[in-house]
Amino acid sequence: MKKTVLVIFGIIFIISCSSSGNNETPNDLPNNNGNNNSANQEWLIPINEVKDGGPGKDGIASIDSPKFEAAEFQTHLQNDDLVVGVIHNGEAKAYPHAILDWHEIVNDETVTINYCPLTGSAFGWKNIVNGSSSTFGVSGLLYNTNLILYDRKTDSNWSQMLLQCVNGNLIGDSPEIVSVIETNWLTWKSMYPFSSVLSRESGSFDLEHYDRYPYGNYLENHNFFLFNVTPLNSTLPHKQRVFAIINNNMAKVYQFSDFEGGNAIVDSFNGKNYLVVGNENIINAFELTDDISHLCYEYCFDYTETFFKDNEGNNWSIFGKATSGSREGQNLITPKSLVSFWFAIAAFYPGPYIYSE
Amino acid sequence: MFKRVLFCFCFFSLISLSNAQTCCSGGIPLSNNIGLAPIEKGTLQLGIHYDYNNLNTLNFGTEKLDDNSRLRITHSILLNANYDITKRISIEGLFTWVSQRRKISQFDNTNLEQSSGIGDAVLLLKYHFSNTFGQNSNLNIGIGTKIPLGSTTETNSQGIILNADLQPGSNVWDLVFWTLMSKNFNFRPSFSVWSQLTYRNTGTNKEYLENSSYKFGNEFQAYLGFTDQFLIFNALTNPAVSFKYRHAEKDKISGFDFDNTGGNWISVIPDFSIYFKPNIIFSTQVEIPLYSNVDGIQLTPTYRLTTGLLFRILPKKNILDIK
């Protein structure tokens, strides 16, 4: 009896150990490109400030086969819900925060939309890595509590808010940016009623799952950080959403409260002149190049695509495209800009200027 | 022959464990494995157990999500030592070696993070009351501390410090409160009903990731178990079944609730023990979840296997004590 028990449990025990794949090491495990990033230990950012976020690499799953639905048929979004909007190849698409909070990255046809829920920052990057297409994934690492992406072609790590590859074979490279805006659903669908919207069916969760916010009261509690931020600037409430222009590692910040009811301002920053237009729900900025710097601009959003106009009689969209007038079809140059929480701008671009009237 | 089988089993077990480059976990099973019942003054009990905790079930609250891409495993080797100082007072130590792994299989890609090393320990001082609940009943109470022997600065292959959940240690002293109650009945003296309660009041690691703080949630565990004794093929055996309730509060990071931690769990634990000799007991048990209600979205235990040996070294009887 005793021998039988020993043998049976010995077998079970050995099976249980072997079923855990215990002979694997990280270096033995395959990834889809054959690269091993552990061989490349050089980082452009202090490695002691790179944090393991907890879920692990791809523990937050990107959406790689996004599904879309027409704006008029979607039923989940409320007017105040935030979306990231993009117009690419003439097609308007919206990516709801409610989905991005859970997946952070959407690898669309030619653009990767990436969003960090902890810094509230969204970007559109072209799916081009080292000259050919690649998808991006969530590395599971954070720098200054901000998303670090990795590309699946070379396994290099990319800091979202630094807009730079910070580790790996492509260290030092910059992504090619596609202009995105962040606003609420009402504003977006008013401007682009024929937009398509990222469907909840794109993700791996039940549809109702996306009604939940994954980080508790993170948005409301200005002092609640999951990971340390350096430097932490308290000039504005830490989690206040702001718009920022980035120029040579410097930033100028615009508060939505300065655009209540709509505003179009001409401002200068770091040797360049900018037109900044917006209202309490949306802001965008454009470089005032010589051919347009003499014009006067006026906010005129009437819940159509036209967002502002000039004294030449041209109407312009929020993306800076002339929708009518003598300059119809002309596109204004957009600087590097983003909407994010104040603390993140101040951490990545220390000592930011704050616009005041 | 018996000794040879036993030796082979232990040998292969240790070989397997030493090769186990494992990674992540749902924590080191400290609270699960303390609380050896006292025998008599001068008795030394030594236990060596292996614990395998598999977390491959992703829950949102009570809802099981259709996603098994995340696997966390904890392998632990647990060494118990209990000494009955007097008839009523005993002291127990639990020492651990732990190997944790976090494996994620997504997009035809597998990623593994792992750590291993000496884990935290528990020291427990216990007091024994007899017949508190009538004849053939026992009550034991204990108070102790978790000693932070384990490392909290393990890094991955790139030199990045792993998060708290993947560290062998916690870098904090916890307070541990423990009780064990049992009662045998006249209608069948070998049948025993027992209950164990454990509460762990956790400390705060103020050096987490160098400049943050981290506190694992306080934890409460309650067991209700039933044990009997049978002679099977000339071997004394103790089949048992117990039910476990576990409640863990949310962890705190820098003083704030850390969402997607904590919850409530109920599981059933069939257990089988066999006396190889009067003083050597082999036991194995499997913990099967019956109910999991986690805060937010979490990996939750899929199953746990614990097996090992308990050696009892009884005091030598003084000839004068023998009537």
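User: Which strand order does the open sheet with mixed pairing in chain A have?
Analyst: In this predicted model, the order is S26-S17-S18-S27, an open sheet of 4 strands.

User: And which strands stand at its edges?
Analyst: Strand S26 (336–341) and strand S27 (353–354) of chain A. Each has a single partner strand, so one side of each is left without a neighbour in the sheet.

User: How many bridges pair S18 with S27, and is the sense parallel or antiparallel?
Analyst: Strand S18 of chain A, residues 250–255, pairs with S27(A) in the parallel sense, over 2 bridges.

User: What stands opposite A:Lys252 there?
Analyst: A:Tyr353, in S27(A).

User: Now the open sheet with S5 in it. What's the order?
Analyst: S5-S6-S7-S14, again in chain A. That open sheet has 4 strands, and the pairing is antiparallel. Strand S5 (105–107) and strand S14 (177–178) are the edge strands, and each pairs on one side only.

User: How many bridges join S7 to S14?
Analyst: There are 2 bridges between strand S7 (residues 121–126) and S14(A), and the two strands run antiparallel. A:Trp125 has A:Ile177 of S14(A) opposite.

User: Zoom out. How many helices and strands in chain A?
Analyst: Chain A has 4 helices and 27 strands. Its length is 357 residues, and 45% of them count as buried. Take the contacts in chain A with a separation of 6 or more: 59% of them come from residues 24 or more positions apart.

User: On to packing. Which residues touch the most other members of the largest nonpolar core?
Analyst: A:Val84, A:Tyr95, A:Ile113, A:Leu149, A:Ala244, A:Leu275 and A:Ile345. That core holds 101 residues. Helix H4 of chain A (residues 342–348) gives the largest share, 7 residues.

User: What does A:Tyr95 touch?
Analyst: Leaving out residues up to four places away in sequence, A:Tyr95 touches A:Val83, A:Val84, A:Leu100, A:Val106, A:Ile113 and A:Leu198.

User: What does the second, separate core include?
Analyst: B:Ile34, B:Tyr50, B:Leu94 and B:Trp178 are among its 12 residues. As a general point, nonpolar side chains in soluble globular proteins tend to be buried together.

User: Switching to A:Glu201. Where is it found?
Analyst: In a loop of chain A, between strand S16 (196–198) and strand S17 (241–247).

User: Why does A:Glu201 count as exposed?
Analyst: Because A:Glu201 has 10 C-beta neighbours inside 10 Å, and the cut-off for exposed is 12 or fewer.

User: How far apart are A:Glu201 and A:Ile99?
Analyst: They are 9.9 Å apart in space, C-alpha to C-alpha, and 102 residues apart in sequence.

User: Chain B now. Which strands form the hairpin?
Analyst: S10(B) and S11(B), with 3 residues between them. In the turn, B:Leu209 has a positive phi of about 50°. Strand S10 covers residues 205–208 and strand S11 covers 212–215; they run antiparallel and are joined by 2 bridges. B:Asn205 stands opposite B:Tyr214 in S11(B).

User: What's the mean pLDDT of chain B?
Analyst: The mean is 87, with 89% of the chain B residues at 70 or more. Residues 1–25 of chain B have pLDDT below 50. Beyond near neighbours in sequence, that stretch has 62 contacts in the model.

User: Last one. What ipTM and pTM does the complex get?
Analyst: The predictor gives an ipTM of 0.77 and a pTM of 0.84.

Conventions. Residues numbered from 1 in each chain as written. Chains lettered and ligands numbered in written order. Predicted model: local features only at pLDDT ≥ 70, side-chain atom pairs only at ≥ 80, totals over all residues. Core = buried A, V, L, I, M, F, W, Y, C linked by C-beta atoms within 7 Å. Buried ≥ 20, exposed ≤ 12 C-beta atoms within 10 Å, placed from the backbone. Contact = placed C-beta atoms within 7 Å. pLDDT = per-residue confidence, 0-100. Pairing = 2+ DSSP bridges.
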